[in-house]
Amino acid sequence: MTKTGLIGWRGMVGSVLMKRMHEERDFRRITPFYFSASASGATHRDLEGNAHTLLDAASVERLGEMDIIVTCQGGDYTKSIYPALRASGWRGYWIDAASAKRMDDDSLIVLDPVNREQIDAGLDQGIRNLIGGNCSITLSLIGLTGLFKAGLVDWMSIMTYQAASGAGAKYVRELLTQMASLSSHVATELRDPSTPVATLLEKARAAQHQPSFAQKEFGAPLAGSIIPWIDSDLGNGVSREEWKGEVETNKILGLPPGSIRVDGLCVRIAALQSHSASITLKLKEDIGQDAMEKLIREAHDWVDLVPNNKADSIGRLSPAAVSGSLRVAVGRLRPMSVGEGVYSVLTTGDQLLWGAAEPLRRALNIVVDRH
Ligand code: NAP
């Protein structure tokens, strides 16, 4: 059985990955070894009920005994351990949720419903690093697989609405703490139906600006607000999250850089789970809405194509509707009035599932199948 080291299994992505692997019985295909960056030596009971002694995630020697390493620990971990591990002569498969190695020539970005051919070709060529893509881009590509596979997309402008959990466990706690704080500040007035709404707004606004309002992680209030910047500042008006859109789209699709132009703004919103993206698409050839819908719907089993009307959009096309499921909802599809072959569409999906954990567990299975 394939010795598989698991790192970062306690975090947001890692815990969803463990759950999915348990549900799909992936653990029966591997021998798992649990590593920890913060609690090596402690005992961990896994979802199968087995006890494991946690191994040291900083030990190149122990990691080097693995055939496959799956890490959801984050980019700093990858940057600190990966070079030393390869330098030690390790030839195993490195499967990673972090962006650190995504754009390297010796890595594949894994999203097999979209790019299984590229994954197989890369593995045949000896590539041993399989990296999950950016969550927003991944979800948009999964939702619109049919259009991309048909080679129809000329360019896209993508405006994201990204959930707090996309930033990690600590950010979820902070958003919920902010929400609780807002709610407690207006609790008395809310109980009295005669309280003017202006009073509620004023008290909530004042709470957001109190020094005690929790914002260590986000650096700003998110509850009752938005944060229009995600990831680092590249210094040219573009955030690193926005930069990822074009480079990763083309890499995932196996196209030369810049083949499909992608740009847009990435915005953190107060959703807890699931990222949405409002996309303006320019098609190379206007095949019409019906044909587009057919391509989108029939691409694979995980698309929920939502009719473009109010009731279905409100009911099925939102983080609240899709969180916790592998369904990626695609809706609000319509031609735009600004030009021929230009369409609007909105995608929403659970960024912890198709946006992170699911491509990793599927990549693990692809590697195990070939091992
Ligand atoms: P995370 O929740 O912050 O977890 C990463 C590590 O933080 C854990 O393995 C854990 O390591 C430590 N940690 C510290 N406090 C914790 C707490 N209260 N609960 C759980 N873990 C805690 O990060 P993540 O969101 O899973 O992201 C992991 C990687 O995946 C990152 O590179 C990220 O960019 C990428 N990614 C994330 C998403 C997403 O939606 N979140 C989507 C795509 C890709 P120890 O156990 O060793 O302390």
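Start with the aromatic side chains: a search of the whole structure finds five aromatic pairs. Rings of Phe, Tyr and Trp (its six-membered ring) count as a pair if their centres lie within 6.5 Å; planes under 30 degrees apart are stacked, over 60 edge-to-face, and the rest tilted. The model is predicted, so local features need pLDDT of at least 70 and side-chain atom pairs pLDDT 80 or more, while totals for chains, interfaces and linings use all residues. Residues are numbered from 1 along each chain as its sequence is written, and side-chain values use heavy atoms, without hydrogens and water.

Select Tyr 82 and Trp 94. Their ring centres are 5.2 Å apart with the planes at 70°, so this pair is edge-to-face. Tyr 82 is in helix α3 (residues 75-87) and Trp 94 in strand β7 (residues 93-96), so the pair ties together parts 12 residues apart in sequence. Helices (H or I, at least four residues) and strands (E, at least two) are DSSP runs, numbered from the N terminus. Tyr 82 and Trp 94 are both buried; buried means under 20% relative accessible area, exposed over 50%, and partly exposed in between (1.4 Å probe, protein chains only).

Next, select Trp 302 and Trp 354. The ring centres are 4.9 Å apart and the planes at 70°, so this pair is also edge-to-face. Trp 302 lies in the loop between α11 (289-298) and β14 (303-305), and Trp 354 in helix α14, so the pair ties together parts 52 residues apart in sequence. Trp 302 is partly exposed at 22% relative accessibility, whereas Trp 354 is buried at 1%.

Now show the largest nonpolar core, which has 65 residues; Ile 95, Leu 130, Leu 144 and Leu 281 touch the most other members. Such a core is a set of buried Ala, Val, Leu, Ile, Met, Phe, Trp, Tyr and Cys residues joined through side-chain atoms within 4.5 Å. Helix α14 (residues 353-370) gives the largest share, 10 residues. Domain 1 (2-133 + 357-370) and domain 2 (137-163 + 228-350) both contribute, so the core lies between them; the bounds come from an automatic or database domain assignment.

Finish with the cysteines. The structure holds zero disulfides, a disulfide being a pair of cysteine sulfur atoms within 2.5 Å. For Cys 72, the nearest cysteine sulfur is that of Cys 135, 13 Å away. Cys 72 is buried at 14% relative accessibility.
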